Amino acid sequence: MTTVTFRIEGVVQGVGFRPFVFRLALRHGVAGWVRNDSEGVTVEARGNTDALDCFEHALVDDAPAAARIVSLRRERVVAGGIGGAFAIAASAPADAVSAFISPDLAVCDDCRREMSDPTDRRFAYPFINCTNCGPRYSIIQALPYDRPNTTMRGFTMCEACEAEYRDPLHRRFHAQPNACQECGPSVALWARDGTEQARDAHAIRGTADALRAGAVVAMKGLGGFHLMADARSDAAVSLLRQRKRREEKPLAVMYPSLDMACRDCVVDEAEAAALTSPWAPIALLRRRDGHDGVSDHVAPGSSTLGVMLPYTPLHGLLADDIGFPVVATSGNLSEEPICIDEREAVMRLGDIADVFLVHDRPIARQVDDSVVRVFRGGTTVLRAGRGYAPFSIDLGRQAPPVLAVGPHMKNTIAVSSGDKAFVGQHIGTLDTPQALEAYRRAHKDLASLYAHEPVAVARDLHPDYASTAYAAGVGAPTVAVQHHYAHVLSCMAEHRLAGPVLGVAWDGTGHGDDGTVWGGEFLVATRDGYERVAHLRPFRLPGGDTAAREPRRSAVGLLHAAYGDGAFAMRGLPSVAAFSQAERRVVGQMLARGVNAPLTSSAGRLFDGFASLVGLKQRVAFEGQAAMMLEQAIGPTAPDESYEYEYDAATGVLDWSPMLRCAVADVTGSVATSEIAGRYHNTLVAMIVTVARSVGIDDIVLTGGCFQNAYLTEGAVNALEAAGMQPHWHCRVPPNDGGVALGQLMAGIAQMEGCD
Ligand code: ZN
Ligand code: ZN
Ligand code: FE
């Protein structure tokens, strides 16, 4: 006999790990115990060496689908000991909380089966769950994760549920949200004024009927309300858009099944795996030509579609009833946070939705749907919400407790605790009072979950962000972190790179340390600091912030830099033609005098300028729209050619003006837009390789919102690898501003460590 202790860290709590270990021990004839503690799970196992080896392998290989093991250490080996039983021991008290909080998990196959079995006591029960699936983060009010600390505490388990909950061999052993129709939450259908129309199965039937009739439905889901409408119907989708005041931004679609999604979209293996995973995100898929099961109003002019599958039992029951795809977008007015409470929803969404499908399980915090995109066979998270947040990054050392308040757009918050960094869920743009309130709540929430008292607060260098003002009020010293350095640090943290790396940080906007607007940066970075070694040639943005909404302004800024005042004579160009004569005079003066026309090196604005130049878009309805259209304009067969550009290694200026001149000639020469868009992207890839070669660092980090672009990212990765370098791109941490809080946190930690 040998006694061994296994220390297992990762997402191992709230995912059925202890019952799994228990069953495994029985199978392998191993004695001992398993328990949760503040860092994960500890197993003490006694048995013969062969049995222990098999047991150890099975711990990793057969772990529950929703578990994510980060490390397994065999800590102590003592010869001897006696056999005996295996037990699930009481949890060790939480001291320094660094256990991972499990995210919400999509309904599992076992629960699905029971739900559709008419003889099962949970037949058609919309809140069925087990230790492998169901709500977690969206119901947790405090740690440790036990029922009295969740929003399920108001529901007392019936005898049958209680028996399952106490049976170590049962799939629902310690399933905290365990419930059935006898004892658990239930659904109701409300009219838009909040009066009840129907309950239970009748409520779901009524909701399905409303969707079939073309109504807009507000449905209380897992982490907030969804607004839904028949995705096949032009009228229903337009009605939703008009009421939600969302004009062009693509809407996500929930398909009843993967098969149905595959009819409208190309779904590869990695995308199918993501869609059907316990995290069940929205995946951005390429639409099939001529197989359109959804209205053109869902994602106007876009060759991609955001697709998800029903992930709660309630969504599943509704999807089974209707059998067609529905738009499922967050329940809010544009740019406001998602609604989580049914009474509040009636107030805020009463003008948008015709009926409300609600339930009485409270939502502890907003959790939006996550968005992923597949690059080179792996997923990259573009928005970390349900299933992906909170997520943690192993720091590899004990770090001081720091709070990072995030940037302005796509805001998230991050904290360090013990040897981990925790990043919270997507909050959004901090523009409205509601968003700021949600932001304040998210901070309080993270602070109390992790009992966090920061010794420093990391924030963006930008003086006017709402998050910057917030940081000042927290009551700890603040550390200002340059935006693009934070982007680079976030990707370094994800891949545990100490540097030096060459960070290619390309996005729309960030406050530069010279006071200009940055966004096309090459930074040589370590954990302690950075040097800006290269950047796109700066150009002026006439009208400042307005330019972000009007790609034509970026275009004339570029043209003016290359051609001077002669730019405005080029009336044949769509960008110039998009201005009236009076506007041309005003904008021309801004550029000539440099008044209200700040300098920028932004790659995002370069994308805007080229999208305008080829006539794709002169005014955008949402951030990143023009860049998205330029990427999609490439079409299925991309050209090999690229344009000229110049790089001056002495000044680090990467000059796009030769490319602009070539593109102008192509536009006037009626070269196809797909061709120009392809050449443009190829040129950017070549620029990255040129700078990387000249800097001579092999680890290249690709980060910033521009790298949500699959053509650019894959092109750069392939070219850098071909040149013998080691590219790194984002996977779990979003490349866009959703990752910035983590980068700020890393800089804040380094600063505090430098102080001792
Ligand atoms: Zn389940
Ligand atoms: Zn029950
Ligand atoms: Fe950014």
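1. Donors are taken here as N, O and S atoms within 2.8 Å of the metal (3.2 Å for Na, K and Ca), and since water is not among the atoms, sites may look incomplete. With that in mind, the iron ion (ligand 3) is coordinated by His483 (NE2), His487 (NE2), Asp507 (OD) and Asp737 (OD), at 2.0 to 2.2 Å.

2. On conventions, this is a predicted model, in which local features need pLDDT of at least 70 and side-chain atom pairs count only at pLDDT 80 or more, while totals for chains, interfaces and linings use all residues. Residues are numbered from 1 along each chain as its sequence is written, chains are lettered from A and ligands numbered from 1 in the order in which they are written, and side-chain values use heavy atoms, with hydrogens and water left out.

3. The geometry of the iron site deserves a careful reading. Four donors count as tetrahedral if all angles lie between 85 and 135 degrees; four count as square planar and six as octahedral if opposite donors are over 155 degrees apart and all others between 65 and 115; anything else is irregular. The angles among the four donor atoms of the iron ion (ligand 3) run from 88 to 169°, and its site is irregular.

4. Along the chain, the donors of the iron ion (ligand 3) follow the spacing H-x3-H-x19-D-x229-D. His483 lies in helix α13 (residues 483-494) and Asp737 in the loop between β32 (726-728) and α22 (740-755), so this pair ties together parts that are 254 residues apart in sequence; helices (H or I, at least four residues) and strands (E, at least two) are DSSP runs, numbered from the N terminus. Both His483 and Asp737 are buried, which means under 20% relative accessible area, against over 50% for exposed and partly exposed in between (1.4 Å probe, protein chains only).

5. Cys108 is buried at a relative accessible area of 14%, and Cys111 is buried at 0%.

6. The zinc ion (ligand 2) has Cys158 (SG), Cys161 (SG), Cys180 (SG) and Cys183 (SG) as its protein donors, at 2.2 to 2.4 Å. The four donor atoms subtend angles of 103 to 116°, which makes the arrangement tetrahedral. Because Cys161 lies in helix α4 (residues 159-166) and Cys183 in the loop between α4 and β6, the pair ties together parts that are 22 residues apart in sequence.

7. In helix α10 (residues 342-349), the buried residues are Glu342, Ala345, Val346 and Leu349. They cover an arc of only 100° around the axis, which puts them on the same side of α10; the arc is that of the directions from the helix axis to the C-beta atoms. These residues pack against β6 (187-191), β8 (217-220), β9 (225-230) and β15 (355-359).

8. As for the whole, the chain has 22 helices and 32 strands, and 61% of its 756 residues count as buried. Its C-alpha atoms fill a box of roughly 85 × 65 × 50 Å, taken along the principal axes. Of the contacts (heavy atoms within 4.5 Å) with a separation of 6 or more, 72% are between residues 24 or more positions apart.
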